[in-house]
Amino acid sequence: MRFNAEPTVMPTVDPTTDQKTQEDVDPGYLVICWDDPVNLMDYVTHVFQKVFGWERSKADKHMLEVHENGKSMLVRESMEMAEHYVHQLHRYNLHATMERSE
């Protein structure tokens with residue numbers, strides 16, 4: 001006995017519309033460094049290079065934002081990484097906070 005079965009056609013899935021990135025699921029947290037009257041600009045640049053592994057030019061850019069605008073948004077990370085960075089900046093006596101990204 002022979003059965004003639006129709007082939008099953010699977011629907012195509014467009015990965016660009018059906019897959020959510022981690023960024024879509026977790027909006028992330030912003031790490032912000034605030035200006036203070038204590039730390040010198042060269043020191044702040046040094047700390048940014050040490051904590052984030054940035055080139056001097058990027059660290060200088062963020063240091064100037066802190067100095068001129070009173071704050072700089074340094075990175076957008078997961079909650080755990082943002083907490084880690086804030087803790088590291090506190091160890092160097094910089095005033096840093098984190099807030100949920102929108």
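Modeller: Two strands are said to pair if DSSP finds at least two bridges between them. Strands (E, at least two residues) and helices (H or I, at least four residues) are DSSP runs, numbered from the N terminus. The model is predicted, so local features need pLDDT of at least 70 and side-chain atom pairs count only at pLDDT 80 or more, while totals for chains, interfaces and linings use all residues. Residues are numbered from 1 along each chain as its sequence is written, and side-chain values use heavy atoms, with hydrogens and water left out.

The sheet is open and has 3 strands in the order β2-β1-β3, with antiparallel pairing. Because β2 (71–77) and β3 (95–100) each have a single partner strand, they stand at the edges, and one side of each lacks a neighbour in the sheet. On average, neighbouring strands of this sheet are turned by 25° against each other, direction ignored; axes are lines fitted to C-alpha atoms, for helices over the stretch in contact, and angles run from 0 to 180 degrees between N-to-C directions.

Strand β1 (residues 29–34) is joined to β2 by 6 bridges, and the two run antiparallel. Y29 has E77 of β2 as its bridge partner.

Helix α4 (residues 56–69) lies across β1 and β2 and runs at about 135° to β2. Helix α5 (residues 79–91) lies across β1, β2 and β3, at about 165° to β3.

Definitions and conventions. Contact means heavy atoms within 4.5 Å.
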